[in-house]
Amino acid sequence: MTRIHKFSMHKIEFIVLVIAGVIASFAFFEYKKNFDSIGHPTGSTISGIAASDVGKAPNFALIENAQQKKRAFFDYLKPGIALENQRVMKERQRLEAMSSAFSQGPLTQEQTNYARYLGNLYNVELPEQGVDEAWLDTMLHRVDVLPPALVLIQAANESAWGTSRFATQGNNYFGQWCYVKGCGLVPRKRRSGMDHEVAKFSAVQESINGYFMNVNRNDAYKALRETRYQRYVNGDSLIDMEAALHLTNGLLKYSERGEAYVNDIKTMIRHNRTLIESPIPKQ
């Protein structure tokens, strides 16, 4: 049986995310997307994000003081992470409304159309007969927020605090790979016989979006999503430090280093907690 979530369980967290997004939204934010007949994106990813939310990255390499560099790095990425979490939360709200409606009777055509769109976005094909309990269960595992601390620290680890070649030349802060020749930057230490590249993005916000969709869709992170789902069912926070540390256990396949990588991420979260939780200074 599908567990029907009630959004009210985490109403406070939603408000927190909304406030964070409002603070983040000093500039115009726009997705370059294709639309279907009901006005939703039709692509499986949101690919062309205008860099007006996080904007162009500072030159972090010029910041010599380590603490100042970390603070600048976190302050730069926090708005984009907040906006991405807001996008997911809006999708989650509609999904939960759909789940509740399904338990009471047939869905409307509009709801079915949205289910098909959302399923395409999260790589969960809608059954020929329409929404069923198995589809809802899979989607309720996939469509949900990520702890900002986890996102920030993975970005710091993967991009060397915004100074790596992939971050500065490809706007890639999370080490995402691609497999079409010319789609990204060729790693200098790529092993013989391997043909992957490190993806290039037109904007840093696009990299953030790519990271969210990777974690929320890829089978490699099914354990992370199950941990998050159980926290939601239990009424636990999905965005605090405890959530970040718990969900990190589901990243064993993010790196070839496996458990050592997970331990490094946990250590970085704990070590940088004060900076992560510090508010962005008013401009």
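Which residues form a nonpolar patch on the surface? They are W177, Y179 and M194, with about 330 Å² of accessible area together. Patch members have over 30% relative accessible area and no salt bridge, like charges being joined within 9 Å and nonpolar side chains (Val, Leu, Ile, Met, Phe, Trp, Tyr) within 5 Å. A salt bridge is a side-chain nitrogen of Lys or Arg within 4 Å of a carboxyl oxygen of Asp or Glu. Accessible areas come from the Shrake-Rupley method with a 1.4 Å probe, and for residues only the protein chains shown count as cover.

This is a predicted model, where local features need pLDDT of at least 70, side-chain atom pairs count only at pLDDT 80 or more, and totals for chains, interfaces and linings use all residues. Residues are numbered from 1 along each chain as its sequence is written, and side-chain values use heavy atoms, leaving out hydrogens and water.

Y179 counts as exposed because its relative accessibility is 57%; exposed means over 50%, buried under 20%, and partly exposed in between (1.4 Å probe, protein chains only). Of the 283 residues of the protein chain, 49% count as buried.

Now the rings. The whole structure has 14 aromatic pairs. Rings of Phe, Tyr and Trp (its six-membered ring) pair if their centres lie within 6.5 Å; planes under 30 degrees apart are stacked, over 60 edge-to-face, and the rest tilted. Y76 and Y173 make a tilted pair, 6.4 Å centre to centre with 45 degrees between the planes. Both Y76 and Y173 are buried. F174 and Y211 are stacked, at 4.4 Å and 25 degrees. F174 and Y211 are buried too.
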